[in-house]
Amino acid sequence: MMNKLFRNASITTPFDPGTPLAGKRQGEVHYFKHGALYCQDGVIQAFGEEDEVLKDLSPSDVDGEIDCEGLCLIPGFVDPHTHMCFPKRREEEFTLRMEGMDYLEILRRGGGILSSVRAVRASSEDELFSVTLEHALSAQRFGTTTLEIKSGYGLATEAELKILRVIDRIGRETSLDVVPTFLGAHAVPEEYQKAPEDYVELLIHNMIPAVSGQGIARFCDVFCEKDVFSVDQSRRILQAARKAGLGLKIHADEVYDLGGAGLAGELQATSAEHLLAASEKNLRAMARRGVIGVLLPGTAYSLRKAYAPAWKMVEFGVSVAIGTDCNPGSCYTESMPFVFGLAVLNMNLSVSEALVAATLNAAYAIGMAERVGSLDVGKSADFLLLDGESPAILAYHAGVSPVVKVFKGGELVFPL
Ligand code: NIG
Ligand code: FE
């Protein structure tokens, strides 16, 4: 048994009431000015004001004592939405976009997601692993301790399974907790462009059963978008996924208001993600049905689009989470501090609301809140030390990561 005491930190954390936080509670965090955290074999046993924590401990309870030097301690970030399993960047396409070419127009011309599909199909599993590992370790340096990674650049049964095996290996060979999501419905692959319905049938009758049969994904996601998958197709795909035992997520109303957020409400999906263009009616449906809104402010930034109406969602009672969307097309960043800053400055969330969004609510969005997402007794001792007085430093010190140290299960994982 290894018992560690982390002391001399100012601690800010949400507490987990057993449900995601929403509405007036979206920003509910607790603060301990002279805080300490005590863990046993990486599991939190006690935390709070240092005096209180020490009262219940005898010297023999502590094998190691770590002085946090007065730094700000928060839970590790949970990034609930990434597409970081890709072998090649798309820098040329970025330049075209900055010259005015539309994101979906690039996809229609066979670029975008489809160019990543060609790259994935041409790469070996080891090549794909080594690039994905770089992305994942970079995320960890920016404070991510748990993350979701979606497939979706294979768009054929074997290629999707290859990606999911790589994602699984990232979870096994790093200290990160990784949640795999099957996104075979990310685009219609080139070979099915003339018969998109046949691809939907392949997804339902072949790919989803293969993925669930291997127990290699926790969730199924669909890119419900104009000229990609319609609401009706998305519904059929997600219903098949539910039958196969997968949790449901949906890329909803990222570019056009197609009604994906309403579908998420109808199906009581775990989350609807993006939501830049979602209607008020459908956002209210999400609130009623307990669907978490996963917002990706880096994507609005990178696509030069209006941000998702985060404050409205808070007002309507939607639990808001934030993530990076790390992908080679619409948003190439693995930095949670960067999207945290955008959430506060450009989406008008308060610092506390953004902190809940980036930790506890994000953990709920990927089914991990029992183990991570907040400092609570019994959860994994995943936390960060920030060079600042409070989590505000994440937004205040713009473009710079204030993450000084990252601990996963009570072990230092950055810097090593
Ligand atoms: O979340 N919207 C679809 N998928 C990604 C982008 C993928 C890509 O361009 O490679 C997104 O924005
Ligand atoms: Fe995405």
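Along the chain, the donors of the iron ion (ligand 2) follow the spacing H-x1-H-x167-H-x73-D. This is a predicted model, in which local features need pLDDT of at least 70 and side-chain atom pairs count only at pLDDT 80 or more. Residues are numbered from 1 along each chain as its sequence is written.

**Iron site**

- His81 (NE2), His83 (NE2), His251 (NE2) and Asp325 (OD) coordinate the iron ion (ligand 2) at 2.1 to 2.2 Å. Donors are N, O and S atoms within 2.8 Å of the metal (3.2 Å for Na, K and Ca), and water is not among the atoms, so sites may look incomplete.
- The pair His81 and Asp325 links distant parts of the chain, 244 residues apart.
- His81 lies in the loop between β6 (77-79) and α2 (91-98). Asp325 lies in the loop between β13 (320-322) and α13 (336-345).
- Helices (H or I, at least four residues) and strands (E, at least two) are DSSP runs, numbered from the N terminus.
- His81 is buried, at 0% relative accessible area. Asp325 is buried too, at 1%. Buried means under 20% relative accessible area (1.4 Å probe, protein chains only).

**Helix pair α13 and α14**

- α13 packs on α14 (residues 351-358) at an angle of about 140°, with the axes 9 Å apart. α13 is therefore oblique to α14.
- Met336, Phe340, Ala343 and Val344 in α13 meet Val351, Ala354, Leu355 and Ala358 in α14. Contact means heavy atoms within 4.5 Å.
- The contact residues divide into eight nonpolar, no polar and no charged. Ala, Val, Leu, Met and Phe are among the residues that count as nonpolar.

Definitions and conventions. Chains are lettered from A and ligands numbered from 1 in the order in which they are written. Side-chain values use heavy atoms; hydrogens and water are left out. Buried means under 20% relative accessible area, exposed over 50%, partly exposed in between (1.4 Å probe, protein chains only). Axes are lines fitted to C-alpha atoms, for helices over the stretch in contact, and angles run from 0 to 180 degrees between N-to-C directions. Angles under 35 degrees count as roughly parallel, over 145 as roughly antiparallel, 65 to 115 as roughly perpendicular and the rest as oblique.
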